[in-house]
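Me: Please walk me through this model. I want to learn how to read its ring contacts and strand pairing.

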Amino acid sequence: MEPVRFRRGLFGAVVGACVVATLLLIFHQHRSSLPDVQGQDLVKKYPNEEFNASIVQILAHRDKYHGKKVRIEGYLHVEFEGTAIYLSKEDAEYGMTRNGFCVSFDKESVPYEGIVGPVQFDRKYVLIEGTFNKNNMGHMSSWQGAIQGVNRIMELERHP
């Protein structure tokens, strides 16, 4: 009796391996028949054409996001000729502009007084929405681009 069970188990394993191999072959053939998407803009568009990206994603693929509406989260520093969003609080405090973007606001959507910006969000983690411009490096070309025409800003809540 024992040798029969072993043979059945071995037979089942061989059949299972053949099924898996066949499925992998079918998947590979189907995948290779899909149109080539290299060179196409792969930025996922949402119905309102906004894209949730991280600062890191935009830093790594500046060309891909140029001219696109983006929604990012980061640490905002609001000051004259230095309003910018950074990857972290430490980046802002140490002036690590390579880890951030200068920011300009749409005054009709984000009202503020004076020329600096919405100071109520200064030195806070925020979510902002605007259009990324890889060619605008801000004051003295210090940053890696700009988030322009920011029309939405909200402070992020700290999680316990």
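Reply: Start with charges over rings. A charge sits over a ring if NZ of Lys or CZ of Arg is within 6 Å of the ring centre and within 35 degrees of the ring normal. Here, Lys107 lies over the face of Tyr112, at 5.0 Å from the ring centre. This is a predicted model: local features need pLDDT of at least 70, side-chain atom pairs count only at pLDDT 80 or more, and totals for chains, interfaces and linings use all residues. Residues are numbered from 1 along each chain as its sequence is written, and side-chain values use heavy atoms, with hydrogens and water left out.

Me: How many aromatic pairs does the structure hold?

Reply: Rings of Phe, Tyr and Trp (its six-membered ring) pair if their centres lie within 6.5 Å; planes under 30 degrees apart count as stacked, over 60 as edge-to-face and the rest as tilted. The structure holds three such pairs. One is Phe101 with Phe132: centres 5.2 Å apart, planes at 70°, so edge-to-face. This pair links distant parts of the chain, with Phe101 in strand S4 and Phe132 in strand S5, 31 residues apart. Strands are DSSP runs (E, at least two residues), numbered from the N terminus.

Me: Is Phe101 buried or exposed?

Reply: Buried means under 20% relative accessible area, exposed over 50%, partly exposed in between (1.4 Å probe, protein chains only). Phe101 is buried, at 0%. Phe132 is buried too, at 1%.

Me: Which strands pair in the parallel sense?

Reply: Two strands pair if DSSP finds at least two bridges between them. S4 (residues 100-105) and S6 (residues 146-155) pair in the parallel sense over three bridges. Phe105 stands opposite Val150 in S6.

Key: Helix = DSSP H or I, 4+ residues; strand = E, 2+ residues; numbered from the N terminus.
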